[in-house]
Amino acid sequence: MTDPDAGDTDDAGDELDAVLDAVSERVTPDDAERERLAAAAADLAERARAAVADLPAPAAGADVLTVGSTARGTWLAGDRDIDLFVRFPTDLSREDLERFGLRVGHAVLPEGEEEYAEHPYVVGTADGFDVDLVPCYGVDAATEIRSAVDRTPFHNEYLTDRLDDDLAGDVRVLKAFLKGIGVYGSDLRTRGFSGYLTELLVLEHGGVRETLAAVADWHPPVRFDPEGHGTAEFDDPLVVVDPTDPERNVAAVLSGDNLARLQHHARDLLADPRPAPFFPDEPTPLSADAVRAHVDRRGTAPVAVVFDAPDLVDDQLYPQLRRSLAGIERELAGMDFETVRSATFATERAAGAEGDGDGDDDGAADGRRAVLLVELADRTLPAVARHEGPPVHVREHAAGFYGKYAADPDTYGPFVADGRYVVERERLPAERDAVAVLESDRLFDAALGARVESALERDYDVLAGADLAALADEFGTDLRDYFEPSV
């Protein structure tokens, strides 16, 4: 029997194929771009090898390799990134690896700047490309790593052996989709899909279309183990066991919200194939007047703690900002303030700024600002707070509670409600106003990130209500995301 809906399904499939093909054409580097990148990467690698040759033994035995999407042919047209790894012998000390790695980095990139992940490395530009030159150990297996970056060459080898031109093209399309919907990047600011994870998903499902169809039907937690060698359990919404390390989840950084966003957009694209999600318009910042209008319309009481951000790279700053925001929410909740929603954001780190990486320097980043925003149902609380005691039948504790409050002239009660002694106690004026709380030492009773706490101890401002409009110049795009949320 013929399925009456089969024609519609075929039409939708044809439309999706046409969209994916059109996207692929836009995001695939042309021959000229490939040649420029190959020439630049080869020149940089040769310069790195020359710098390595000048090192003392055993560092002179290091080899140089190009890794990442440029090495595997999965970079998007217009991306200008080259990742070079210098793989040092394992009998080199960690101190010497860092010292010689920076020496090679500065030799290859004389104008380069030092960045810090698990250990320092050099970033810079050459021939119009952004270059990362990273030292690592040449361990025999990914299970023997001494730092996280030691895995990267194994990832490169695994995927290079398995990704043909067609799959590489599908990876590019999926990357464009993930970027378009805002969930691409494994940094701790984004908490999205890394390039490696994207490649593994396409490899697992056999193409971008198959991956999107599978994602649309996922019921987290979802687990994949490409090599069938996983030895660990993970409490994550998506688990992709690293093919080179049975105890690592490649998707560990991915947030549950970003996984849900991908599912939403995958279903939407399958139902309505179109190129728009791949190439969204740049968001326009919210104006000060628009911020005031949103605050007025919502009738809530937003309060924001604004301060100079500590000098940290994003992967260190954002966990501290989120911890601090959660701590402030808990502190306010313990005082009976009700949170509607919250967010944290920071201005971009200045190009060339050197985060210390080790947490020893409490200085603020040059000009970088951060916000901890808590939108409350009400800014102020009633003059009295309800305080419940034990059930009356719990004789000893009940008697103690009653005796404590019976002679207190500033307390309403004790009285009985639902079988318990209850009193209503007067709040101090400073505890009734959320702004007063945040401007007082009570802020530091909250569980704050250590470096954020140090920054707040130096100075901070509290903005409330329509005064948030003052943030529009620096945080207009973040405020649009907050006041005009979408999936």
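**Exercise 1. State what share of the residues in the protein is buried.**

Solution. Of the 487 residues in the protein, 46% are buried. Here, buried means under 20% relative accessible area, exposed over 50%, and partly exposed in between, with a 1.4 Å probe and protein chains only. The model is predicted: local features need pLDDT of at least 70, side-chain atom pairs count only at pLDDT 80 or more, and totals for chains, interfaces and linings use all residues. Residues are numbered from 1 along each chain as its sequence is written, and side-chain values use heavy atoms, without hydrogens and water.

**Exercise 2. Give the strand order of the open sheet of 5 strands and explain why β1 and β3 stand at the edges.**

Solution. Strands are DSSP runs of E with at least two residues, helices runs of H or I with at least four, numbered from the N terminus. Two strands pair if DSSP finds at least two bridges between them. The order is β1-β2-β5-β4-β3, and the pairing is mixed. Because β1 (63-67) and β3 (113-116) each have a single partner strand, one side of each is left without a neighbour in the sheet.

**Exercise 3. Describe how β4 is joined to β5.**

Solution. Strands β4 (residues 120-126) and β5 (residues 129-137) run antiparallel and are joined by 5 bridges. T125 has D130 in β5 as its bridge partner.

**Exercise 4. Determine which strands helix α2 lies across.**

Solution. Helix α2 (residues 31-53) lies across β1, β2 (81-88), β4 and β5. Its direction is at about 25 degrees to β2; axes are lines fitted to C-alpha atoms, for helices over the stretch in contact (heavy atoms within 4.5 Å), and angles run from 0 to 180 degrees between N-to-C directions.
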